[in-house]
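Student: I have a structure here that I have not seen before. Can you walk me through it?

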Amino acid sequence: MADSPAEVPPHAAKWFAAQARRDGRDAALAAWRAARGPRTVLLAGPRSFCAGVERAVEIVEQALDRFPHPVYVRKQIVHNRHVIEELAAKGAVFVDDLDAVPAGATVVFSAHGVAPAVRREAAGRDLTVLDATCPLVTKVHSEVRRYARRNHRIFLVGHAGHEESEGTLGEASDRTTLVESVADVAGLPPLAAGESAAYALQTTLAVDEAADVVAALRARFPGIEGPGSDDICYATTNRQESVRAVAAESGLVLVVGSGNSSNSVRLVEVARRAGTPALLVEDAEEIPLTALAGIRTVGLTAGASAAPGLVDGVVAALRGLGPVDVAERRVAVETVTFALPKELSR
Ligand code: SF4
């Protein structure tokens with residue numbers, strides 16, 4: 001690690017070293033000096049772990065305590081690098097495919113849910129399955145199955161390639177079309193004679209953007225059935241409202257989360273649409289010092305898959321630059337909890 005200058009306190013040394021690796025020591029020091037000064041941190045509330053993520057992490061931890069090792073996890077249990085690294089250090093083995101899980105082993109399905117074909121494959125092999133699918137994702141799967149039973153043409157508003165959308169599409173892939181944008185709606189073919197339409201939503205969409213796509217679907221297919229915006233989960237909705245609240249008062253918003261975390265990326269977009277520059281950072285070390293020059297009020301939040309300790313780490317790092325007042329803008333109190341699967345509730 002590059003030596004820290006005396007003016008960088010020890011607890012910020014790793015942050016400074018990361019900047020120096022990226023930009024060179026002289027540039028990092030110039031940026032450090034330009035960023036120094038007192039500031040206010042406005043914490044968005046709610047932020048960080050949601051009930052579905054807490055449950056998914058708990059399932060893997062309990063599986064590691066109670067089942068023979070190794071315990072396999074299909075895909076990232078939640079989309080956060082730190083969570084994955086911590087669970088891997090405790091013995092979890094993350095795989096992309098069930099093919100990589102040997103017969104007789106224990107496998108955990110991730111919080112994002114799986115297509116029925118994956119469940120069938122697991123059932124056809126000698127595997128102990130623990131399902132960490134968030135119950136709110138399971139609810140969307142049930143809606144899609146219900147529409148499919150009624151022979152509806154189904155439109156899933158979501159993001160291509162995201163594990164949650166892939167799992168949900170798998171419930172009725174022959175009659176479900178993924179719709180990502182208002183422009184996609186215009187390109188949809190007409191319904192067949194006598195056919196009805198329905199829609200469902202990925203749980204982590206931006207509430208405002210999803211509303212535009214749903215409005216376009218309603219205009220295109222009058223009478224289309226759907227859940228309103230209710231598929232977008234409480235945690236996504238609350239985090240977007242609270243980031244909007246802090247963005248209104250901040251010169252910069254920092255969102256703690258991983259780049260493949262849909263709800264974290266949406267928080268950055270929501271803050272920017274509110275007119276405030278916003279950055280996604282994996283942790284304190286990723287904050288670019290240059291972005292802090294002249295910024296006296298920093299809004300701070302974290303995606304639903306990012307642990308609260310990472311937010312504390314950002315506040316601690318910012319204290320390296322000068323005194324920090326911390327205040328919170330809380331738009332909701334969350335009391336949601338989800339029970340563990342029956343295999344672990346004994
Ligand atoms: S973000 Fe929502 S749907 Fe996703 S795990 Fe959390 S509570 Fe469940």
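Student: What should I know before we start?

Tutor: This is a predicted model, in which local features need pLDDT of at least 70 and side-chain atom pairs count only at pLDDT 80 or more, while totals for chains, interfaces and linings use all residues. Residues are numbered from 1 along each chain as its sequence is written, and side-chain values use heavy atoms, with hydrogens and water left out.

Student: OK, helix H2. Which residues are buried there?

Tutor: H2 covers residues 25-35, and its buried residues are Ala-28, Leu-29, Ala-31, Trp-32 and Ala-35. Buried means under 20% relative accessible area, exposed means over 50%, and partly exposed is in between, with a 1.4 Å probe and protein chains only. Helices (H or I, at least four residues) and strands (E, at least two) are DSSP runs, numbered from the N terminus.

Student: Why do the buried ones line one face of the helix?

Tutor: Seen down the axis of H2, the buried residues fall within an arc of 165°, so they line one face. The arc is taken from the directions from the helix axis to the C-beta atoms. As background, an α-helix has 3.6 residues a turn, so residues three or four places apart point the same way.

Student: What do the buried residues of H2 pack against?

Tutor: They pack against helix H1 (13-23) and strand S1 (39-45). After H2 comes Gly-37, with a positive phi near 140°.

Student: New topic. Which residues are around the ligand?

Tutor: They are Cys-50, Gly-52, Val-53, Cys-134, Leu-136, Thr-203, Cys-233 and Tyr-234. A residue is near a molecule if one of its heavy atoms lies within 4 Å of it.

Student: How does that shell split by class?

Tutor: The shell has 6 nonpolar, 2 polar and no charged residues. Here Ala, Val, Leu, Ile, Met, Phe, Trp, Tyr, Cys and Pro count as nonpolar, Asp, Glu, Lys and Arg as charged, and the others, Gly among them, as polar.

Student: And what about the space the ligand takes?

Tutor: That space is the largest cavity. A cavity is a set of points, on a 1 Å grid over the protein atoms alone, where a 1.4 Å probe fits but cannot get out. A molecule sits in a cavity if more than half of its atoms lie within 2 Å of its grid points.

Student: Where are the cis peptide bonds?

Tutor: One joins Gly-45 and Pro-46, with omega about 0°, and Pro-46 lies in the loop between S1 and helix H3 (51-66). Another joins His-69 and Pro-70, with omega about -5°, and Pro-70 is in the loop between H3 and strand S2 (71-74).

Student: What is the phi of Ser-48?

Tutor: Near 70°, which is a positive value in a residue other than glycine. Ser-48 is in the loop between S1 and H3, and its relative accessible area is 3%, so Ser-48 is buried.

Student: And Lys-75, where is that?

Tutor: Lys-75 is in the loop between S2 and helix H4 (81-89). Its phi is positive too, near 70°. Lys-75 counts as buried because its relative accessibility is 19%.

Student: Back to Pro-46. What does Ser-242 touch?

Tutor: Leaving aside neighbours within four places in sequence, Ser-242 is in contact with Ala-44, Gly-45, Pro-46, Arg-329 and Val-331. Contact means heavy atoms within 4.5 Å. Ser-242 lies in helix H10 (residues 234-247) and counts as buried at 0% relative accessibility.

Student: Is Ala-274 buried, exposed or partly exposed?

Tutor: Partly exposed, because its relative accessibility is 40%. Ala-274 is in the loop between helix H11 (262-273) and strand S10 (278-281). Apart from neighbours within four places in sequence, Ala-274 is in contact with Arg-244 and Ala-247.

Student: One more: where is Val-324?

Tutor: In strand S12 (residues 324-330). Val-324 counts as buried at 9% relative accessibility. Beyond neighbours within four places in sequence, its contacts are Arg-39, Val-41, Leu-318 and Arg-319. Val-324 and His-69 are 255 residues apart in sequence and 45 Å apart in space, C-alpha to C-alpha.

Notes: 1 Å grid on protein atoms, 1.4 Å probe; cavity = no way out; pocket = protein on both sides within 12 Å on 5 of 7 lines; lining within 4 Å.
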